[in-house]
Amino acid sequence: MTPTVAHPEATDVESVFREVYGQAVATLVRVFGDITLAEDAVQDAFVVASDRWRSDGIPPNPAGWIVTTARNRAIDVLRRSARGRELHEQLGAVTSEEVGSGAEGREEDGPVRDDQLRLIFTCCHPSLRTEHQVALTLRLLGGLGVDEVARSFLVSESAMAKRLVRAKYKIKAANIPYRVPAEADLPDRLRSVLSVLYLIYNTGLDDPEQASLRSDAIRLARALVDLMPDEPEAAGLLALMLLSESRVPARTADGALVLLRDQDRSEWDRTMIEEGQGIVRACIRRDRPGPYQLQAAIQAVHCDADSVDVTDWPQIVALYDHLFSVMPTPVVALNRAIAIAEVEGPGAALTALDTIAPALDDYHLMHAARGTTLRRLGQRVAAKAAFERAVILAATEADRRFLAQQIEELAEDALR
Amino acid sequence: MSQYLLATYAVEGEVPGAPMTPEDMATFMEKVIALEAEMDTSETFVFGGALHGPDAATVVHSSEGDPIMTDGPFVESKEHIGGFYIINADDLDEALAWAGKTADATGHPIEVRPFRATGRVEDWRGEG
C-alpha cells in the first residue's frame, strides 16, 4: 500500500506511474480486449493524475484510481465511435460488473493480479519473435515509455513504435489469447516468460547505459514470483538476478570487466546476497530443480565465499554437472570447464575446453577461458592467440578492455 | 470463433514424404484420416485439400478486360504451398495445437495464418 503523500514531487508521481502502469493496462485489456485502447486510456488517466495528485496528493490506492479513471476514458472513446457504440453495448454488463466501484478497493487484488499474469503470457507468447516479446513486456508491463524501450534496443523511437504496432497487430489479428496457459502448456510458456525477463536483465548488464533495465527486470521477476508462488523456476530466476546484481559494484573497474577471482568482495551487496540465498535455500527445500534454480545455486555458492580460494569448487562442479544434465548447452559446458580448472587444475580444464571449442568458436568467452587456462599452463604464445581472437569477437567495451589487460599481463609474464 | 489457414509447403522436386514405401504411405494416410476425424468431431474442419504442383499452375492477369495467361505459379520459388486446412478455432493457441497435430501427422512444417475475414465480402464489409 502506497501511503498518501500530501504534495508529492514529480519524481514520486513518475515512479508511482511506472509501478502501476502494467497493472492498469492489464486490467483494461481484460475489460476491453484491446491493448491499444487500454494503453491510450491509461495514458490519459496519467495526464489527469499528474495534475490532480500534485495538488491533492497520491491516493491510497493509485492503481485503483488509475484503473477507474482509465476505464471511464475508454468508455468515452468507445461511445464516440460508431463501432465502439456497438462494442460498448456488448461490454456494458462486463464493465459495470467486473470493474465497477470495486476498482477503488483492495478487494480487486485477486482479479487484478491475474490480469497482469495473463498479460505477461500474452506479451511473451511463443508465436511472437523474441525482440517483440521483450519490447511488449517492457512497454506494457514495465511501464517504460516507447522512447525508453527504443533506447534499450539502440533503435530510433519511430522504429520502436513501428515494432510495437506490428507486435500488437499480430496479437489482435491472430487472436493470441489473453489468459494463463493450460497446465499442459505452462512449463513451455513459462520458460518463454522467464527467458524474456532474463534477456532484459542481461541487456542491462552488458550495457552500462542501460543499467535501469536490470532493475526493471528484477521488478518484473518479483511481480512474477508474487503472482506464481508455486513456480520454483520463477523464484530461481529472481534469485539468479539478485545474486548477479549483488556483484555489479565489483564487476568492473575503470570500464574493464573484473573476473570473479579478482573482485573486491567487500563491494558485494550483502542485502541482495542474503535475499538471493534465502530464495535458493527455499528452492532446495522444494526440490523441484530447474535451470534457473541451479544457476542461482551456483551463484549462491560463489557469494558464500570470502575469496576464490575458499570457494567450494567441488560443489560448483557438481551443480554444473546437474545443470548440464537438464540444459546440455555448450555455454554450460564452458562454465563447467572453468570450474574444473579450480578442482582438477588447468590441464583438465584445457581438455574439457578443447572438446567444446568447435561449438563455441564464435563466442569470445570461450577464447578468453582458453587464454586464461593456457596462461596458467605457461603456454604464453597460445594464450596470446586465444585472447586476441576473443578481443575480435567481444561485444562490449568492458570485455575488450579486460582482454587487452590480459594480453598486456602476458607480455609482463614473459619479462619475468 | 476465428478461422485459420493451416498450410503446408512442399519443396520443388520433392514429393512430400518421398521416398515412401507402401507401408509408410498407409501409415501416413491412417494418421491424416485420424486427424481429420478428430477435426470433424470437434467441428474444427472447415475445408482442406492437397494441391497439384506448380507445374499445373496458371496465372491470369487482366489487361483492360482481356485475360492474359502465363504458365506457372505467380511466385517463382523452390517452395510451394502443397496443401491446406481451413479450421475453426477459438484463438491462436487452439489453432497452434491443431497445427502441431497436423505437423505431427504429415511430417511437414505448418504455417498458421489467421483469416482477416471469411465468407462473402458483402457479409463482412464495413466490419473493419
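Predicted model: local features only at pLDDT ≥ 70, side-chain atom pairs only at ≥ 80, totals over all residues.

**Stop 1: a helix pair in chain A**

For your selections, residues are numbered from 1 along each chain as its sequence is written, while chains are lettered from A and ligands numbered from 1 in the order in which they are written.

Helix 10 covers residues 212–227 of chain A, and its axis comes within 9 Å of that of helix 11, crossing at roughly 150 degrees. Axes here are lines fitted to C-alpha atoms, for helices over the stretch in contact, with angles running from 0 to 180 degrees between N-to-C directions. Helices (H or I, at least four residues) and strands (E, at least two) are DSSP runs, numbered from the N terminus.

Now show the side chains where the pair meets. On helix 10 of chain A, pick residues including A:Ala217, A:Ile218, A:Ala221 and A:Leu224; on helix 11 of chain A, A:Leu237, A:Leu238 and A:Met241 are among the partners. Contact means that the C-beta atoms of two residues, placed from the backbone, lie within 7 Å. The residues of this contact divide into eleven nonpolar, no polar and three charged. Ala, Val, Leu, Ile, Met, Phe, Trp, Tyr, Cys and Pro count as nonpolar, Asp, Glu, Lys and Arg as charged, and the others, Gly among them, as polar.

**Stop 2: each helix by itself**

How many residues of helix 11 of chain A are buried? It's 15 of the 15, so this helix is largely enclosed by the rest of the structure. Buried means 20 or more other C-beta atoms within 10 Å of the residue's own (exposed is 12 or fewer, partly exposed in between, with C-beta atoms placed from the backbone).

Over on helix 10 of chain A, the buried residues include A:Leu213, A:Asp216 and A:Leu220.

**Stop 3: helices 6 and 8**

Next, select residues 130–141 (helix 6) and 157–173 (helix 8) of chain A, which pack at about 100 degrees with their axes 10 Å apart. That makes helix 6 of chain A roughly perpendicular to helix 8 of chain A. Among the residues making the contact are A:His132 and A:Leu136 of helix 6 and A:Met160 and A:Leu164 of helix 8. By class, there are five nonpolar, one polar and two charged residues.

**Stop 4: A:Ala337**

Jump to A:Ala337 in helix 16 (residues 330–344) of chain A. A:Ala337 is buried, with 25 other C-beta atoms within 10 Å. Leaving out residues up to four places away in sequence, A:Ala337 touches A:Ala349, A:Ala352, A:Leu353, A:Ile356 and A:Ala369.

**Stop 5: zoom out**

Show chain A whole: it has 20 helices and two strands. Its C-alpha atoms fill a box of roughly 80 × 40 × 40 Å along the principal axes, and 41% of its 416 residues are buried.

Finally, bring in chain B, which gives eight residues to the contact, with seven from chain A. On the chain B side, helix 2 (residues 92–106) supplies the largest share, three residues.

Terms used. Parallel < 35°, antiparallel > 145°, perpendicular 65-115°, else oblique.
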